Amino acid sequence: MAVLLRNVTNALWHAFAALAPPGSALVAKSRLKVLTANIGTLLDLYGVERGLDHFRSTLELNFHHFRYYLQREVFASLPDALPLRELRECEARVEEVCWLVCRGRLAQRDSPVFPDACVYQLFRVFCLLAELTACDTDAAISEDHFQVVAHPAEVGAVASQLVTSLGLAWDAADFEALAQALGAFRFPTFLALLETRLAGAPAAEDPAGLREAVEELHQTFLLDVLKQGVLQKRGYLLPTLREYWFVLQPTELSYFKARGRDQCGCIALDPQCRVEAGTEGGGAGGAGVAATGAAAQRLVLTTRDRTIELAAPDHRSRLQWAAALRLAIAHSGARDGWQRQQAARRRAAREAEAARAREEATRRHSTLLDMERTRAQLRAEKMAREAAECAARELEAVHRQEEARLRELEDVRTRLERLLQEETAAKRDEEIVRTLQARVLAEEWEKREELERLQEEQRALLEAERRKRLEFERLQEEKERELRDAETRLRQLEEERLRLDLELRSAHVKATASEASKEVLEAKLRVMAPQLRPGDRVRRAASFAPSTRDRPAAPLLQARLGGSMRRPDVHSPLAPAPTPTTTLTPATATNHTGACGANGEAVDGATTAVAAVEASALAVAVVVADATSDGEASPAHGGVAVVPDANDAKGSTSDVATLSDAASNSTISDAASDSQ
């Protein structure tokens with residue numbers, strides 16, 4: 001049956017495309033056999049898939065060949081004329097099978113808004129409104145590649161109806177911009193458009209509202225519901241008006257107790273039915289009934305069997321129902337659905353509009369060609385005229401004797417001269433304009449060169465300024481580095497000064513302690529020095545030889561000896577060479593220690609002072625020891641000795657030795673602590 005195949009072709013293409021490998025327009029016969037068997041089973045045709053093995057000699061078929069096979073082997077077995085109800089049922093079964101095949105590829109979305117049942121209904125609506133066209137991307141494979149696309153006008157009508165039924169605003173300008181960008185809509189694009197328009201809206205959170213809106217859309221396009229709503233109907237047995245939910249289709253008027261409830265009855269419509277406006281007030285039986293608090297608006301539907309009296313809630317509803325009933329009666333005898341007829345009319349109108357546009361383009365093209373031919377003829381005539389004028393000038397020179405001909409040619413010449421003058425003036429003006437243009441261009445060129453020169457100078461200045469800035473930054477960095485080094489050196493010197501001050505104080509303390517020890521030692525020496533008696537002998541001793549340092553105890557010894565102890569003559573040839581001496585006083589030791597501290601040698605100064613004290617103590621100890629030995633002077637050394645009593649000598653020797661050991665130990669411990 002050609003009508004059924006035409007109605008389900010779009011759904012069949014979606015199933016065929018779902019079975020095809022990616023990027024290919026051919027499907028294996030083994031897959032097509034399963035699809036054909038399912039379609040045949042739904043149409044009570046069995047074994048129709050066996051012929052695919054013998055259809056063509058290839059293992060794969062394109063959609064054109066598969067549709068031809070279905071037309072010849074499957075749909076040709078159906079009756080040519082099916083009632084509209086049975087035709088819709090067959091379409092629903094075939095499209096359901098096709099949807100089961102292609103659902104996995106078409107219903108995949110990241111954020112779905114519609115449930116699967118609503119997506120299936122929208123798929124059926126799209127297949128009804130879409131068109132099967134050949135792909136124009138590649139002319140070499142356009143016979144195998146097809147696509148099912150919907151015109152933007154059809155998509156806009158469906159989308160606007162769905163959006164407005166959910167209480168949302170429809171943005172026509174935005175849709176027009178999208179339609180101009182896409183050109184045509186495939187089903188995934190169509191579904192994405194609807195879900196995008198509803199995404200984030202409160203209506204999208206209500207699944208029941210979505211299902212109701214999609215169901216109404218499905219009934220409008222697939223079931224050809226022209227109008228539905230509440231009407232009052234007068235009963236046949238009980239002549240009272242009762243309220244029902246009416247659904248109007250081109251072939252019947254059904255009524256239910258309520259929306260979504262069981263059907264109470266159905267009124268068949270045919271071209272012989274008619275609709276008339278009823279009179280207000282009493283109807284059959286003379287019973288007047290008020291409709292919803294106001295006078296009922298009556299309609300009288302007359303069929304072949306009986307007359308039905310209906311009442312609308314208001315005047316506007318009555319007019320709408322009357323127009324819808326007349327429209328349904330006018331198309332009740334059609335063999336195809338009302339919406340399919342309207343879609344076909346719109347498609348034909350678009351094709352006619354496109355044909356008119358093509359004809360207009362062709363007419364404009366032909367007009368342009370005619371204009372070009374006319375221009376060519378005019379140019380040829382102009383050239384011929386110029387040639388004729390040249391010939392006329394030649395004839396004027398030849399037939400100068402003919403006066404009449406001369407006057408005519410003179411007039412022609414005059415006109416030609418005037419035209420020539422005009423043309424010359426035009427050329428002169430053109431030359432002037434060209435000269436002015438050349439001058440303006442030269443000035444512009446000079447300005448451009450000047451601007452380029454200024455730009456180069458500015459760039460050079462900027463480069464010089466940048467180099468200066470870099471040099472200044474480098475110098476500034478060097479100064480900052482030198483400043484940091486100077487600050488670091490200053491801190492080091494300050495730390496060194498503080499350290500040396502600490503060492504100086506320590507050395508001064510040690511020198512003070514050494515001076516105090518020396519004074520104590522001198523006091524003890526004075527105490528322990530033997531007292532000279534008148535009968536004691538005096539001798540020279542080697543211990544009184546000149547030393548490198550002056551000893552503070554020498555004057556005291558000389559005073560006690562009464563001047564008998566004398567130093568050897570420094571000018572004597574037997575005396576040793578004098579050695580520069582340094583007297584260690586507290587002031588001298590302090591100055592010496594301070595000087596050493598300034599040069600980083602405070603410890604050495606203190607050690608030298610202690611060594612001087614030890615030398616003095618050692619000299620005294622030697623003198624005492626020499627005095628206690630035998631009381632005789634040693635001529636070899638040229639010294640003088642005083643021999644005291646043995647007891648005094650022994651006591652003095654022991655005291656001096658003890659004092660010398662204590663001073664040596666103190667000096668050694670101080671030197672060790674200083675070295676640490």
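In helix H11 of this predicted model, the buried residues are Trp338, Gln339, Arg340, Gln341, Gln342, Ala343, Arg350, Glu389, Ala392 and Glu396. The helix itself runs through residues 338-398, a total of 61 residues. From its first C-alpha to its last, H11 reaches 87 Å, which is close to the 90 Å expected at 1.5 Å a residue.

A charged residue in another helix deserves attention next. Lys29 belongs to helix H2, which comprises residues 29-42. Although Lys29 is buried, it has no salt bridge. The nearest side chain of opposite charge is that of Asp53, 6.3 Å away; a salt bridge would require the charged atoms to lie within 4 Å. A polar atom of the Lys29 side chain does, however, lie 3.2 Å from the backbone oxygen of Leu52. Leaving aside residues up to four places away in sequence, Lys29 touches Leu52, Asp53, Phe55, Arg56, Thr58, Leu59, Glu60 and Leu61.

Trp170 and Phe175 form a tilted pair, 5.4 Å centre to centre and with 50° between the planes. Trp170 counts as partly exposed because its relative accessibility is 23%, whereas Phe175, at 5%, counts as buried. Elsewhere, ring pairs join Trp99, Tyr120, Phe123, Phe126, Phe187 and Phe190 into a cluster.

Note on methods:
Residues are numbered from 1 along each chain as its sequence is written. This is a predicted model: local features need pLDDT of at least 70, side-chain atom pairs count only at pLDDT 80 or more; totals for chains, interfaces and linings use all residues. Side-chain values use heavy atoms; hydrogens and water are left out. Helices (H or I, at least four residues) and strands (E, at least two) are DSSP runs, numbered from the N terminus. Buried means under 20% relative accessible area, exposed over 50%, partly exposed in between (1.4 Å probe, protein chains only). Lys and Arg count as positive and Asp and Glu as negative; His and the chain ends are not counted. A polar contact is a pair of N or O atoms within 3.5 Å; within protein, one must be able to donate a hydrogen and the other to accept it, and residues adjacent in sequence count only if both atoms are side-chain atoms. Contact means heavy atoms within 4.5 Å. The expected span of a helix is 1.5 Å times one less than its number of residues. Rings of Phe, Tyr and Trp (its six-membered ring) pair if their centres lie within 6.5 Å; planes under 30 degrees apart count as stacked, over 60 as edge-to-face and the rest as tilted.
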